[in-house]
Amino acid sequence: MILSTSDAIANHSTTGVWGNITLDMLFRRAAQKNPNRLALVDAPDREIWTGGAPRHLTYAEAEKEISRIAGFFAAVGMEPDHILGIQSPNTVDNVLCILGALRAGLIVSPFPLHWRHSEILRALSTVDAKALITADRVETRMLGEEARDAAADYFSLRFVFGLGQDIPDGLIDMGPMLAENGDSFPEPVVDRGATPANHIATLTWGHSGTEISPIARSHNHWVSTGLMPFLETRLEPGARLLLPYILCGITGIGAGLVPWLLSEGTLHLHHPLALSTLTDHARSIEANYILTPGPLAGHLDDALEGWSTTTVAAWPITSPTPTPHRAQGEMADIHVLDEYALVAHLRGHSELPVPLLSGDQYAPSTSTHGPCLINIEPVEIYREFSREVTPSEANYHLKLKGAMIPDAAWISGASALSFFNNESGEQGLITEIPVSVHSVTGSIHGFGTPGKSAPGLLELEHLDLVYSEFSGVKEAAAFLVEDDLLGARLMVAVVPSEGLLVDVEGFYSYLDASRVSLAMMPHRILSLRALPRTEDGQIDREKLSNRRQPRPVEAVA
């Protein structure tokens, strides 16, 4: 399925950024060139947080499994352009299933791990998914059981496949089936014509208020995205990459999976439990490239002093202001513009990341002769103001265009994204990321929580309703408290019904039974006699956030 217009394809192909090679074809090319090179390696502690013993495969071994998986999907009736949902932590099996699905011509829709019943159901129905793959568990959460329950409520789902060791009844255990019958699943022949890389590869997910929207990306979109960190960090052939991000969005796929495919190196998978485990893992494999959340990059860089490693710090545009840090080793910063784009810069000897500037973004960033992968233009959002404002106070969204930018809405569902197509045939989108633009430098600054957009007012008001429905709570208000490392934490202030105390354990059990997203679980509960309000009667969330010494009923680790 191709969504990009012929003009857009011609424009990007003329620059040489878009070509005819898909993500799974990149892997096959590497397997043909380096069959005995180590391709994929599980974290050594895999059995602690998900089912199955750690695996490590050469390119030849992995290529054989990818071919079998593609054949398996075709054998059970999955056809090209069918949607395959997947929710899994970082394992070798997960990567193989993604590449196998792409080899079969399927469109992969990876779900965040914090999603639960309601989000998964909405996503499956929005894109009319035909199958779902899930791990047996992640830490104490039984993903397999949750997927089975979701399938029971979504009748259009044909198959639910399981990965891991303890697959619950009702799921198809892929491991034994492939091991016993793999040779009977020949790789399907998928006719994509001369331009297979223009077909949609994935549907990832963006947020608009409390709504989720599918973001369609072709193979060429992903290759263009991965080219930026690949060229900026000058990854050498055979590099060892350490990836603690799951493959469900632009950071994990665009700055992790694709640079690995382009480097034809070894991808070491990691599940983030503690900074010390990430550091120890990096040392043990002598990592050349480590992708890490921006606020942790300085700590990791200090811990790896003297090692020949490039620490790649991912800074979502919603991140807090970084703490100055002079890098001991090589450091690169990636500005992540929600799920729409990323921009990479080598830091050099600067103590702070290179500012994200408007205009054309090249790879590498120091060369205007390299490919221009994205153009960023602030667009003022006009609103009524009660007073005259300065340019730095005005409200802006971002207009994005270029080879890595999704350029069309997914046809099966309504999209909250604003796409455009100008007279020259250029396509792009206007994001809903609110930013302030400093008119002197043109640099763009964001705010909020690293790793995801901070909840907006509509989302907080939605959480108010969810929290206040718990028995014994008269009213509730969700609010954010700044955190030096994480940017912000979600809290809730509750007013108990008269004569009652808040049942903390019962409150969290209620949220768990309601199958709310893990992102909706508050870090702390604050019990108050009354909620603070503004002069017009609205909840004063700023006053809640600025309480110096709140007395939490319970702190959640």
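# Questions at the model

Visitor: Which residue lies over the face of Trp 222?
Guide: To count as sitting over a ring, a charge needs NZ of Lys or CZ of Arg within 6 Å of the ring centre and within 35 degrees of the ring normal. Here the distance from the ring centre is 4.9 Å. The residue over the face of Trp 222 is Arg 217.

Visitor: What pLDDT do side-chain atom pairs need in this predicted model?
Guide: Residue numbers run from 1 along each chain as its sequence is written, and side-chain values use heavy atoms, with hydrogens and water left out. This is a predicted model in which local features need pLDDT of at least 70, totals for chains, interfaces and linings use all residues, and side-chain atom pairs count only at pLDDT 80 or more.

Visitor: How many helices and strands are there in the protein?
Guide: Both are DSSP runs numbered from the N terminus: helices are H or I with at least four residues, strands are E with at least two. Going by that, the protein has 15 helices, and its strands number 26.

Visitor: What share of the residues is buried?
Guide: Buried means under 20% relative accessible area, exposed means over 50%, and partly exposed is in between (1.4 Å probe, protein chains only). The protein has 557 residues. Of these, the buried share is 55%.

Visitor: Why is the pair of Phe 72 and Phe 161 called edge-to-face rather than stacked?
Guide: Rings of Phe, Tyr and Trp (its six-membered ring) pair if their centres lie within 6.5 Å; planes under 30 degrees apart are stacked, over 60 edge-to-face, and the rest tilted. This is one of 15 aromatic pairs in the structure. The two ring centres are 5.4 Å apart and the planes meet at 65°, so the pair is edge-to-face.

Visitor: How many residues apart are Phe 72 and Phe 161?
Guide: Phe 72 sits in helix α4 (residues 59-75) and Phe 161 in strand β6 (residues 159-163), so the pair links distant parts of the chain.

Visitor: In β13, what is the bridge partner of Tyr 289?
Guide: Two strands pair if DSSP finds at least two bridges between them. β12 (residues 289-293) and β13 (residues 310-316) pair in the parallel sense over 5 bridges. The partner of Tyr 289 in β13 is Thr 310.

Visitor: Which residue stands opposite Ile 290?
Guide: β12 is mostly covered, with 4 of its 5 residues buried. It also pairs with strand β10 (residues 240-243), in the parallel sense over 2 bridges. Opposite Ile 290 stands Leu 242.

Visitor: Is Thr 310 buried or exposed?
Guide: Contact means heavy atoms within 4.5 Å, and neighbours within four places in sequence are left aside here. Thr 310 is in contact with residues including Thr 233, Asn 288 and Glu 330. Its relative accessibility is 11%, so Thr 310 counts as buried.

Visitor: How far apart in space are His 221 and Leu 373, C-alpha to C-alpha?
Guide: His 221 lies in helix α9 and is buried, with a relative accessible area of 1%. Among the residues that His 221 touches are Trp 18, Met 404 and Asp 407. His 221 and Leu 373 are 152 residues apart in sequence, and in space their distance is 9.8 Å.

Visitor: What is the phi of Glu 139?
Guide: Glu 139 is in the loop between β5 (131-135) and α7 (143-153). At 39% relative accessibility, Glu 139 counts as partly exposed. Its phi is positive although it is not a glycine, at about 55°.

Visitor: Which peptide bond is cis, with omega near -5°?
Guide: Look in the loop between β16 (359-362) and β17 (372-380), where Pro 364 is placed. The cis bond is the one from Ala 363 to Pro 364.
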